[in-house]
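Could you walk me through this assembly in the viewer, one selection at a time? I would like to know what to pick next and what I will find there.

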Amino acid sequence: MDALLLQILNGLDKGSAYALIALGLTLIFGTLGVVNFAHGALFMIGAFCSVTLNKILNLSSTTIDETQKDFLGNPLKVKTPYVESWFGEVAGQSIIEWSVPLAIIFAIPIMLAIGVIMERGLIKHFYKRPHADQILVTFGLAIVLQEVVKAFFGANPIQTPAPDALSGVLDLGGAIGLQLSYPVWRITYFFFSVIVIGGVFAFLQFTTFGMVVRAGMQDRETVGLLGINIDRRFTIMFGVAAAVAGLAGVMYTPINPPNYHWGMDFLVLSFVVVVVGGMGSLPGAVLAGFLLGILESFASTTWATTTIPGINQIIIYLVAIIILLVRPRGLMGREGVMEE
Amino acid sequence: MLNLNQRDTGTFLFVIIIAVLAPFIMNPFPTDSAMAQFNAGYPDLMQRFVIFGIFAIGFNILFGLTGYLSFGHAAFLGVGSYAAVWMFKLLSYNIVPALFLSVIIAGIFSLFIGFLCLRRSGIYFSILTLAFAQMSFAIAYSVLSNPKFNLTNGETGLQVYADDIQLFQVENLTTPHLFGWTMNTTYELTLSAWDFQFNVGYYVSACVMLFMFYISIRIFRSPFGLMLRAVKTNQTRLNYTGVNTRPHTLAAFVISGMYAGLAGGLLASMDPLAGAERMQWTASGEVVLMTILGGAGTLLGPLLGAGFIKYFENILSKINDNVLHAWFQYLPEWLENSLVWVLHWFTGKGWHLTLGLLFMIIVIFLPGGLMDGANRIREALRGRKAKKNLQTPVE
Amino acid sequence: MSILEVQNVNKSFGGLKALQNVNLKVEEGTIHAIIGPNGAGKSTLLNCFVGKLVPDTGSVIFDGQSLLQKKPHEINQMGVSRVFQTPEIFTDLTVFENVMIPCFAKRDGSFERNAWKPVTNESEIRDRAEQMLIDVNMIEKRDMIASSLSRGDKRRLEMAMCLSQSPKLLLLDEPTAGMARADTESTIELLKEIQDRLQITMAIIEHDMGVVFSLAQKISVLAQGTVIAEDLPDAIRSNSKVKEAYLGTAAED
């Protein structure tokens with residue numbers, strides 16, 4: 001029972017990441033009709049926004065403290081981050097410590113801008129080109145983004161710690177008499193993603209903007225005929241999808257130190273999530289994201305990996321095959337989407 | 001000749017001549033000159049030209065003719081390599097059974113994957129093939145490399161060990177060979193300042209490539225090939241014309257999978273080692289790029305693209321900062337440094353960035369590939385000539 | 001003898017009843033028109049003939065065999081060809097290749113196994129395709145890429161592709177939709193000529209009554225998913241129910 005609950009919880013954080021990426025993929029696919037192979041790269045860039053902010057906050061001025069000596073007997077060089085000298089030691093240190101959550105604010109405008117530039121500068125010109133061209137050009141873009149990040153940050157994963165207040169382990173089971181301790185940050189990540197997903201759905205459901213976008217997902221031409229400037233709305237939608245992927249990346253950094261090939265790692269799995277959830281279905285993407293994340297976590301238990309070695313790495317694909325054979329449209333796929 | 005029309009005969013002869021004379025053509029610079037680093041006439045690289053040529057020719061039968069964009073063909077290449085190395089381990093270093101098994105296994109594997117993925121078309125198909133390729137990679141990398149059942153030897157890669165069975169092994173042949181003709185034998189010919197290398201492995205691969213190229217021409221010109229092109233243009237019409245598209249696309253998928261398997265088998269024959277990294281999505285992306293760079297749907301395009309990519313991969317990744325500094329040493333220092341700084345991004349370890357940019361540039365500006373570009377230039381020239389001819393009476 | 005027999009066909013989408021108890025008989029060697037105002041269920045009915053839709057109940061018998069549960073390519077192999085509302089042709093291929101494909105499909109069945117012998121050696125197929133192009137007056141456009149043809153020529157090409165299979169039944173879905181007056185007339189002439197020369201049975205779905213009166217030997221009128229009249233053209237012209245159905249919706253058009 002304890003183990004079962006723990007595995008479900010373990011699956012939630014990865015599932016949240018899948019769900020957030022798949023949500024953005026589905027939004028872009030549904031609104032623009034483009035499959036964005038660079039979407040994983042956006043997740044990766046988000047993660048590196050967090051890394052960058054952490055580095056910026058740690059920029060330090062070096063002063064020489066004559067009163068102290070290092071082990072060679074020279075005066076000690078003391079590095080003081082500028083933030084500390086500006087805001088005072090206590091405030092400065094807590095700003096640095098909270099760099100990951102702060103990176104959310106830092107990343108939103110950046111990711112929105114990247115999304116809008118991508119759509120206006122590149123994707124826009126590919127609406128009328130064959131699907132193969134769209135795939136290829138975004139695939140090329142994914143490689144470029146990944147290599148640029150690699151050139152700047154190197155090939156090794158970079159540690160980005162969570163704030164102390166959120167980095168401990170929480171005993172969830174105490175109240176109900178179970179042995180269940182779980183990292184606080186993972187819980188934070190789960191709730192964060194639920195809020196983001198909820199926000200996106202509310203935005204689509206309750207605003208006029210969202211209504212038009214949803215109508216556009218159903219039938220682009222008709223909405224265009226109504227005289228609504230749907231193109232601009234789709235540009236914004238692309239920015240939003242990029243921001244969602246970016247935020248998923250920002251918050252994921254304390255769970256796993258980011259590296260440059262995150263993009264492709266997560267992209268392929270997110271595609272599988274989209275296929276399992278049903279192409280073009282937003283709730284399907286979210287549902288499948290969590291389901292597959294939990295499934296993967298169950299497959300990662302020692303019991304599973306000793307029975308079938310490596311099962312944790314292929315379970316998602318196996319499930320996708322079965323789903324595809326039993327329900328070719330995915331869990332919540334609609335008829336007529338991508339079927340011609 | 002060989003039941004080809006005049007133009008195809010010309011193309012085929014052209015490829016034969018290039019393949020036979022490659023050790024000369026690829027080696028234009030004297031061995032001691034500074035330009036020698038741009039030579040491509042050494043066995044290892046020439047082998048890769050023709051082997052990846054086979055891979056791309058096969059991929060073109062699927063993508064170029066039917067328009068189905070597969071992102072998973074590296075899986076078949078990898079499977080072919082594993083099959084070949086297993087043949088080395090079990091039977092002997094003779095490459096004939098190895099290549100035979102590579103093609104068969106890759107064929108069976110692609111039949112299975114193709115059957116599942118071809119339930120869908122368009123974007124869906126591409127995603128599914130990508131997912132399958134990643135799954136194959138994961139299977140090869142971890143699932144099938146455990147002590148109980150070790151088929152792929154995981155990270156280390158599959159290779160032949162001294163205690164392997166090798167039922168029919170001949171005493172002195174301890175590297176892959178074709179009935180005693182070892183692949184790594186190289187004959188050298190020195191003509192004044194030039195060193196030309198003739199490698200058995202290259203010529204064997206080139207012969208296989210030529211044979212496979214011939215088959216692909218025949219497929220292109222056959223009624224089956226016509227049907228595949230019709231699939232790309234209008235599936236609805238084809239269905240209502242009494243043609244079942246599924247077996248056609250599946251057949252094309254399996255054929256291209258077998259080409260990939262053969263290429264994988266040949267890779268293992270040149271260097272008897274098979275690793276999972278050959279199956280990764282980057283490798284699949286590379287063959288896609290080769291095909292579109294050269295020109296999807298054209299006969300020569302894939303060969304051209306494979307040669308182009310493999311050449312630049314090899315040359316560019318060799319150029320490090322020291323080489324760059326040596327090139328620009330006669331420039332003013334600030335210019336030298338800034339040029340090196342800029343080029344540093346795209347050479348050496350930055351080769352993948354160049355690859356990605358190339359990918360985008362080709363798709364954006366030249367979707368028809370180099371073959372299309374060449375045609376356009378030719379037409380532009382002809383157009384200018386025609387204009388001149390029109391103008392002459394006026395003068 | 002009737003070549004196509006539709007009995008008690010019902011089809012609904014969700015709550016919408018698109019077809020209700022449709023009965024229809026197409027006699028061999030005739031031109032049979034199925035007309036009706038927009039939304040009468042003409043296209044749904046046609047899609048039931050070609051295997052795109054399966055009726056909820058009822059039967060569709062062609063040449064003694066049921067068409068239900070059959071795929072489009074199987075139905076074509078039984079001898080039913082279809083002309084689309086907007087011409088469906090192989091736009092990237094040449095006109096000649098366009099006509100060769102149905103010839104191959106007719107001769108070799110639904111899967112083309114010949115991946116070796118060049119198309120250039122298939123003289124039998126080439127002769128047939130060439131003859132077909134001569135018949136529709138397009139032989140001089142033989143080597144053009146089909147996408148560069150005019151709209152009228154695309155229609156002609158599609159017709160040639162269908163006729164090259166010598167179908168037992170040719171289905172035409174609004175063959176003159178969106179055409180200029182002159183094109184419409186030439187299409188009607190073409191159809192008449194084909195009928196005179198080849199005696200092919202045709203079923204024409206049409207919205208425009210004017211087109212079919214001069215062409216059809218028999219007309220079925222479909223309104224709101226049911227056949228309200230089936231008769232000779234002259235009788236249809238004076239049928240009060242038909243007038244009502246058309247006039248009733250004429251205002252909406």
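Start with chains A and B, where the contact takes 31 residues from chain A and 35 residues from chain B. Keep in mind as you go that this is a predicted model. Now highlight three helices of chain A: H6 (131–153), H11 (262–277) and H14 (311–326) each supply at least two residues of the side that touches chain B. Which of them gives the most to that side? Select H6(A), which gives the most, with 14 residues. Next, colour the side of chain A that touches chain B by residue class, and you will find 25 nonpolar, four polar and two charged residues.

Move on to chains C and B. Here the contact takes 31 residues from chain C and 26 residues from chain B. On the chain C side, pick helix H2 (72–77) and helix H3 (95–108), the elements that give two or more residues to the side touching chain B. H3(C) gives the most, with seven residues. Keep the class colouring on: the side of chain C that touches chain B has 16 nonpolar, seven polar and eight charged residues.

Now hide the other chains and stay with chain C, which has nine helices and ten strands. Its radius of gyration is 19 Å, close to the 18 Å that the globule rule gives for 253 residues, so chain C is as compact as a globular protein of that length. Of the 253 residues of chain C, 44% count as buried. Among the contacts in chain C with a separation of 6 or more, 66% come from residues 24 or more positions apart.

Zoom in on the open sheet of four strands in chain C, which has the order E2-E1-E4-E5 and antiparallel pairing. Select strand E2 (16–27) and strand E5 (65–66) of chain C: they stand at the edges with a single partner strand each, so one side of each is left without a neighbour in the sheet. Which residue in E2(C) stands opposite Val6(C)? Show side chains here and look for Leu24(C).

For the last stop, select helix H1 (residues 42–50) of chain C. H1(C) lies across E1, E2 and strand E4 (57–62) of chain C, and runs at about 60° to E2(C).

Conventions: Residues numbered from 1 in each chain as written. Chains lettered and ligands numbered in written order. Predicted model: local features only at pLDDT ≥ 70, side-chain atom pairs only at ≥ 80, totals over all residues. Contact = placed C-beta atoms within 7 Å. Nonpolar A, V, L, I, M, F, W, Y, C, P; charged D, E, K, R; others polar. Pairing = 2+ DSSP bridges. Axes fitted to C-alpha atoms, helices over the stretch in contact; angles between N-to-C directions. Rg over C-alpha atoms; globule rule 2.2 N^0.38 Å. Buried ≥ 20, exposed ≤ 12 C-beta atoms within 10 Å, placed from the backbone.
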